[in-house]
2 protein chains.
Amino acid sequence: MAAPIEFLFEFASPYSYIAAHRIDAMAAQHGRQVNWRPFLLGVVARELGTIPLTAQKKKGNYSAMDFARSARQHGLTFALQPGFPHSSVQAARAFYWLESRDPDLAKRFARRVFDAYHAEGRDMSAAESVADLAAEAGADRHAVLAGIAEPAIKDRLKRETDRAAERDVFGAPFFFVDGEPFWGNDRIEQIDEWLRRGGW
Amino acid sequence: MAAPIEFLFEFASPYSYIAAHRIDAMAAQHGRQVNWRPFLLGVVARELGTIPLTAQKKKGNYSAMDFARSARQHGLTFALQPGFPHSSVQAARAFYWLESRDPDLAKRFARRVFDAYHAEGRDMSAAESVADLAAEAGADRHAVLAGIAEPAIKDRLKRETDRAAERDVFGAPFFFVDGEPFWGNDRIEQIDEWLRRGGW
């Protein structure tokens with residue numbers, strides 16, 4: 001059985017949102033599973049001294065347009081929130097807490113967070129908001145609230161973020177396919193071809 | 001007749017090199033011509049305060065790897081030159097001088113410059129080197145040397161670069177399809193779909 005594709009993402013990243021709606025279907029065509037791994041892009045970016053895409057001159061305006069255009073290309077609704085990007089710490093902690101109990105539920109929760117934040121204008125920064133979204137995905141709201149406050153879960157997210165930095169991840173989404181790194185939603189077509197051809 | 005696709009590029013840009021080998025074939029499938037427009041990305045980048053991709057922490061190493069991997073994907077040889085990126089001023093001037101006389105020859109020359117610089121390790125920064133490449137593409141070496149020294153040609157390149165900046169171009173390659181902006185070699189698939197669907 002071929003190794004799963006590693007999907008490293010940031011909940012606040014619009015291109016991660018789009019990729020989250022595409023990666024499992026593409027992987028399935030090659031008989032691959034996908035390991036979802038949220039991390040904190042803001043922490044990585046601070047270490048590198050990079051600033052959010054939307055804050056960059058000219059590229060920022062282009063990106064805001066391209067977020068929406070690329071979302072529409074794949075049939076997805078997108079609206080850039082005022083104050084973007086918001087903290088995804090609580091959402092990412094909740095993901096790992098849920099995953100340790102029910103991996104399928106964790107993915108459903110992740111999709112709920114992505115859609116809520118990027119398409120519906122919902123908050124994901126507050127623990128209470130994240131608990132609401134977890135409940136909508138079918139989780140126990142109170143258990144999630146307790147779970148994301150556990151030191152072990154906080155430590156888990158920290159380790160995942162450190163690990164991403166150690167692997168030279170500098171943006172999101174970021175994929176590893178049998179160790180080969182690919183950066184960006186717009187690399188999904190390339191990964192598809194990579195898997196079809198067995199590399200090149 | 002549908003309007004030509006505008007292909008704005010920088011001769012020193014690896015992704016422009018790859019795109020130069022792909023854009024005309026893709027455009028032809030939609031009955032479109034391509035207007036090739038070299039500009040000086042370095043001038044635009046200085047105004048924006050951006051630094052070359054290869055000089056960026058972590059992203060630099062990834063990009064150097066991705067240049068080569070994306071080139072191989074399309075059957076192209078690539079080798080990053082020591083001292084990258086080199087000045088493309090003379091090559092871009094020669095392009096506009098040739099284009100004013102023989103547009104097909106100008107495209108052949110542009111492809112020769114791209115291959116010589118990105119695949120063969122040849123110089124393109126000196127006027128003499130550019131004249132050699134123009135001769136290899138079938139142009140009159142001495143006429144090209146005289147042409148690129150003309151004030152009108154120098155002014156032409158300056159205007160093209162200013163115009164790119166005015167249109168909020170911040171990277172290369174950059175495409176305009178009926179006025180719609182697309183940035184990057186990895187957007188050629190998206191443009192292909194855009195033309196097939198008539199936008200979305």
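## Basis

In this predicted model, local features need pLDDT of at least 70 and side-chain atom pairs count only at pLDDT 80 or more, while totals for chains, interfaces and linings use all residues. Residues are numbered from 1 along each chain as its sequence is written, chains are lettered from A in the order in which they are written, and side-chain values use heavy atoms, without hydrogens and water.

## Nonpolar cores

A nonpolar core joins buried Ala, Val, Leu, Ile, Met, Phe, Trp, Tyr and Cys residues through side-chain atoms within 4.5 Å. Buried means under 20% relative accessible area, exposed over 50%, partly exposed in between (1.4 Å probe, protein chains only).

The largest core has 67 residues. Phe7(A) and Trp36(A) are among those with the most contacts inside it. A second, separate core of 53 residues includes Phe95(B) and Met124(B).

## Backbone features

The peptide bond between Ala172(A) and Pro173(A) is cis, with omega about 0 degrees. Ala172(B) and Pro173(B) are also joined by a cis bond, omega near 0 degrees.

Lys58(A) has a positive phi, near 65 degrees. Lys58(A) is partly exposed, at 23% relative accessibility. Asp168(B) also has phi near 65 degrees, and its relative accessibility is 38%, partly exposed.
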